[in-house]
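Below is a short briefing on one structure, grouped by topic.

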Amino acid sequence: MAVSKELLEILVCPICKAALDLKPDGSGLKCVECRRVYPIRDDIPVMLVDEARIED
Amino acid sequence: MPSRTSQEQFDRQAPQYNAEWNEWNRESLAWLMEHAHCQPSHRLLDVATGAGFTAVAFAPLVAEVTGVDVSAAMLEKARERARAAGLANLVFESGAAESLPFAADAFDGVLCRLAAHHFVSPAKFVAEAYRVLRPGGRLLVADSAEPDDAPEVDAWHNHVEVLRDGSHVRNYTASQWRGFVTDAGFALEALDEVPESVPITLRAWLEKGGCSGEAAAEVRRLFLEAPAEAVRTFAITPMPDGDIRFQWVRIALAARKPG
């Protein structure tokens, strides 16, 4: 399991500190407020602003 | 801003990263362990975990350790270290110290060892550590430091550090650290200078920073011409084989979030 339920409970967007949704295909974590998507690479969530992109 | 980001520096250096370098300051690890008051139920965050040396050392004492770093290549090293140690209670994420991707009150302890000199804003890091700690949780920091009230030593040391590694921002004094933690709302429990038993040699130190050629020659010249107060403070000693031995000043602190 790449990103555990426990980890998802404490991970937030590094900018707005809002909750994140795991994308259905498991490729990233999307902020419920700013819509930034943080990629998951090699099972590691990349929670860096410079590596996120805003998705509708 | 530093001339090179920590992400660039450590992605570049990770393949050569030598585990023996972590032996340079085992004393600060022992100090942090002694002051952390770990419980088996605790969840810890290790900020700028790098190759995971500190995170792996704490993992057997607690329920879980989360390690964050800006360098994906260093996190791969950390995961290898956790696997080799047979530990399953470590998780790693890419994240920056000044904007931590964690909910408020998520951790019982925040660790940061030998890394804060790379942070663009240690004050922001300390404020973020305060936010993610539960009330009563502890911040534990160890880092290279400058002596208080010694501007010449401070200037010389930070100059050679930046020449050797462009992602070095600066080493702070004990007074500055006291300010960072108390300004953020922490109650400082202990702040000590931590002696080092193993001296560093200039060749190994330059290698660790990936510093070679003209920059390395300039650092070497600066060591040989170091101000007398810097020679005393860091015990800078030329050796018969042409290398130079020295000991940096390290400080460690423990601070508690009230509540």
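Which residues does Ser6(B) touch, not counting residues up to four places away in sequence? Ser6(B) touches Asp11(B), Val70(B), His118(B) and Ser167(B), where contact means heavy atoms within 4.5 Å. This is a predicted model, in which local features need pLDDT of at least 70 and side-chain atom pairs count only at pLDDT 80 or more, while totals for chains, interfaces and linings use all residues. Residues are numbered from 1 along each chain as its sequence is written, chains are lettered from A in the order in which they are written, and side-chain values use heavy atoms, with hydrogens and water left out.

**Ser6(B)**
- Ser6(B) lies in helix H1 (residues 6–13) of chain B; helices (H or I, at least four residues) and strands (E, at least two) are DSSP runs, numbered from the N terminus.
- With a relative accessible area of 15%, Ser6(B) is buried (buried is under 20%, exposed over 50%, partly exposed in between; 1.4 Å probe, protein chains only).

**Interface of chain B and chain A**
- Chain B gives 19 residues to the contact and chain A gives 15 residues.
- About 1,400 Å² is buried between the two chains, with carbon and sulfur atoms giving 61%; buried area is the accessible area (1.4 Å probe) that two parts lose on being put together, summed over both.
- The rule finds one salt bridge across the interface (a side-chain nitrogen of Lys or Arg within 4 Å of a carboxyl oxygen of Asp or Glu).
- Glu128(B) forms a salt bridge with Lys17(A), and the closest N and O atoms are 2.6 Å apart.
- On the side of chain B that touches chain A, the elements giving two or more residues are helix H4 (72–84), strand S3 (90–95) and helix H5 (122–132) of chain B.
- S3(B) provides the largest share of that side, four residues.

**Strand pairing between chains**
- Strand S4 (residues 44–47) of chain A and S3(B) run parallel and are joined by two bridges; strands pair if DSSP finds at least two bridges between them.
- Ser94(B), in S3(B), is the bridge partner of Val46(A).

**Positive phi**
- Most residues other than glycine have a negative phi.
- Asp42(A) has a positive phi, near 50°, and sits in the loop between strand S3 (36–41) and S4 of chain A.
- The relative accessible area of Asp42(A) is 61%, so this residue is exposed.
- Asp105(B), also not a glycine, has a positive phi of about 65° and lies in the loop between S3 and strand S4 (107–113) of chain B.
- Asp105(B) is partly exposed, at 43% relative accessibility.
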